[in-house]
Amino acid sequence: VRPELDALPLDQVRQVGDLRRRVRDWKRQGQRVGLVPTMGALHEGHLSLIRFAADEADRVVASIFVNPTQFGPDEDFRRYPRRPRKDAALLAANGCDLLFLPDVETVYPPGHITFVDLDESLDSPSRGLESEFRPGHFRGVVTVVAQLFNLVEPDLAVFGEKDAQQLTTVRCMVRDLHFDVEILAHPTVRDADGLAMSSRNAFLTPPQRAAAPLLYRTLRRAKRMVEAGERDAAVVRQAMQEALAAEPLFETNYADVVEADNFQRVDRIGSDIILPAAVDVGGTRLLDNVRIAIT
Ligand code: PAF
């Protein structure tokens, strides 16, 4: 029982039966239902996903669930910001119709043994990059996303392009497991200085926050190199790594050049690539990417 949530200004459900009744009622009336899965601590990036979902669907369900299975043992699961009351007010103001706020035991029933596994062979988009630094992360993500799809039964679901490897992996999961859910992507929302919005930005100290926009500046500079004709991925990788290494507050996790549709590393730059990068800033990971489509 969490009495502090009872006064939330948005319709909310915590139990599967209540959720299904609400969503199935809408569907019986011929309404299209959109899902925006989140882990809460909502910012303008999430809210733009909600507004986008509201444009694309008749009803919008947002889920807030800090999913334990996508965090490693040394990661920030416990300190991940949780503020459902403020989140609910923001959701209500941005066109969300229903908040699904399950407990861990609702998503992972006692005795839970079933996960969605990912084949980490060479051409899996979930291989490398985030997975190298967060082993098992995408297994937790696709498991919870599959569960949310089964629970909410949405017609469409919206994901942010900031987590580009996640988005590509989720698309594969939907294809492979035949989910009848349309996956829509929404562009990354940024602060005025270019820093991609993230719930984890709240952890940054003022000096770390001041350094943080270098990540996106580096990606934009690399994008300009490619647009100016550079086709050797090693040259672009090295330029990004050198630029990030120049910031003493950054510890670079990766800065890479991959195919946009499957996240495979490339040697020669083709027509549609993504430059993904992640840095550790005093224990807070910042993640970003730019996409380059050469016509
Ligand atoms: O991107 C996120 O916030 C999470 O990975 C998601 C998709 C809500 C699954 O827990």
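**Notes on the charged side chains**

1. Let's start with R28, which is exposed, with a relative accessible area of 65%. Keep in mind as you look around that this is a predicted model. R28 has a partner, D25, and the two form a salt bridge in which the closest N and O atoms are 2.6 Å apart. D25 counts as partly exposed, at 37% relative accessibility.

2. Why can R28 and D25 be thought of as about one helical turn from each other? Because they are 3 residues apart in helix α1.

3. R21 forms a salt bridge with D18, and here the closest N and O atoms are 2.6 Å apart. R21 and D18 are 3 residues apart in helix α1, which covers residues 16–28, so about one helical turn separates them.

4. Is R21 buried or exposed? R21 counts as exposed because its relative accessibility is 53%, and the cut-off for that label is over 50%. D18, with 32% relative accessibility, counts as partly exposed. That label goes to residues between the cut-off for buried, under 20%, and the one for exposed, over 50%.

5. Next, move along to R51 and E44. Their side chains meet in a salt bridge, with 2.3 Å from N to O. R51 counts as partly exposed at 32% relative accessibility. E44 is partly exposed too, with a relative accessible area of 32%.

6. Which residues are linked in a network of salt bridges? They are D191, D193 and R209.

7. How many salt bridges does a search of the whole structure find? The search finds 21 salt bridges, and the ones I've picked out here include R28 with D25, R21 with D18 and R51 with E44.

8. Last stop: a group of arginines. R217, R220, R221 and R224 form a positive surface patch. R221 counts as partly exposed, at 40% relative accessibility.

Technical notes: Residues numbered from 1 in each chain as written. Predicted model: local features only at pLDDT ≥ 70, side-chain atom pairs only at ≥ 80, totals over all residues. Heavy atoms only, no water. Salt bridge = Lys/Arg side-chain N within 4 Å of Asp/Glu carboxyl O. Helix = DSSP H or I, 4+ residues; strand = E, 2+ residues; numbered from the N terminus. Buried < 20%, exposed > 50% of the residue type's maximum accessible area, 1.4 Å probe, protein only. Patch = residues over 30% accessible without salt bridge, like charges linked within 9 Å, V, L, I, M, F, W, Y side chains within 5 Å. Areas by Shrake-Rupley, 256 points an atom, 1.4 Å probe, with all protein chains shown as cover. Lys, Arg positive; Asp, Glu negative; His and termini not counted. Charge placed at Lys NZ, Arg CZ, Asp CG, Glu CD.
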